[in-house]
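Here are my notes on the model, in numbered points. Please read them with the structure open.

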Amino acid sequence: MAFFKVLGVLLLLAGGLLVGIWRGWVPLPAEWNPWAPLDVQAAPNLLTRFKLGRLQDDPALCDQVLKTSGLRVSHQADSPADAACPLRNTLRVQGAEVGLSSSFLASCPLAVAFALFERHSLQPAAQAVFGQAVTRVDHLAVLPAAICMGGLKGDSASMPRPMPWTLPGFAWRMDAASMC
């Protein structure tokens, strides 16, 4: 019986702490506050995936996060709901801190994830391995998952639904003169 009383008190305290963080009564650094917008400049942590997920259905939050991303984007019109591959809340990524060979379409979470990858993985790895930054990303292709897994059999109705995954191909460029 005492165990359940202690457990109840702990659950009540944990709930109160969560409400306090959510309402802003308990000060918490933004990078550890699950309700604070994602900051692309801050190092990724355990909450990054959660914060990326929040961007999917919140265009206003998406726009706020994109301001810190270093990406140049434009919003695209939604495709009709009955389209074979409907696009919703889509962005065209036209530029980044690194040069791009061409623009590409992306969801907000994908665009922000690219900015995180560029800032916290790609450039530090290039500096560590090659001693210089990547200057350009060449976007080679995007292959729908159904094609990569053996191709389509018959008409487009045989395509698995939904098909959210694609396999992008990228190549990285560096200053060739300094590589010699």
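1. Start with the surface. A patch is built from residues with over 30% relative accessible area and no salt bridge; like charges are joined within 9 Å, and nonpolar side chains (Val, Leu, Ile, Met, Phe, Trp, Tyr) within 5 Å. Accessible areas come from the Shrake-Rupley method with a 1.4 Å probe, and for residues only the protein chains shown count as cover. Here, Leu17, Leu18, Val19, Trp22, Trp25, Val26 and Trp35 make up a nonpolar surface patch.

2. A word on the basis. The model is predicted: local features need pLDDT of at least 70, side-chain atom pairs count only at pLDDT 80 or more, and totals for chains, interfaces and linings use all residues. Residues are numbered from 1 along each chain as its sequence is written, and side-chain values use heavy atoms, with hydrogens and water left out.

3. The overall layout. The protein chain has 5 helices and 6 strands. These are DSSP runs numbered from the N terminus (helices: H or I, at least four residues; strands: E, at least two). Their order along the sequence is α-α-α-β-β-β-β-α-β-α-β. Of the 180 residues, 26% count as buried. The classes are buried (under 20% relative accessible area), exposed (over 50%) and partly exposed (in between), with a 1.4 Å probe and protein chains only.

4. The loop between α1 and α2. Tryptophan 25 counts as exposed because its relative accessibility is 62%. Proline 37 lies in the loop between α1 and α2 as well. At 30% relative accessibility, proline 37 is partly exposed. Its C-alpha atom is 8.9 Å from that of arginine 54, 17 residues apart along the chain.

5. How many salt bridges are there? The count is 2, where a salt bridge is a side-chain nitrogen of Lys or Arg within 4 Å of a carboxyl oxygen of Asp or Glu. One joins glutamate 97 to arginine 119, with the closest N and O atoms 3.7 Å apart. Glutamate 97 is in the loop between β2 (90-95) and β3 (99-100) and arginine 119 is in helix α4 (residues 108-130), so the pair ties together parts 22 residues apart in sequence. Arginine 119 is partly exposed, at 35% relative accessibility.

6. Arginine 136 and aspartate 138 also form a salt bridge, at 2.8 Å from N to O. The C-alpha atom of aspartate 138 is 6.1 Å from that of leucine 100, 38 residues apart along the chain. Leucine 100 belongs to strand β3 and is buried, with a relative accessible area of 17%.

7. Inside the protein, there is 1 cavity of 30 Å³ or more. A cavity is a set of points on a 1 Å grid over the protein atoms alone where a 1.4 Å probe fits but cannot get out; lining residues have an atom within 4 Å of a point. Grid points are joined across faces, edges and corners, and the volume is the space filled by probe spheres set on the points. That volume is about 70 Å³ for the largest cavity. Its lining residues are Glu31, Leu38, Asp39, Ala42, Ala43, Pro44, Asn45, Thr48 and Lys51.

Terms used:
On a 1 Å grid over the protein atoms alone, a cavity is a set of points where a 1.4 Å probe fits but cannot get out, and a pocket is an open set with protein on both sides within 12 Å along at least five of seven lines; lining residues have an atom within 4 Å of a point.
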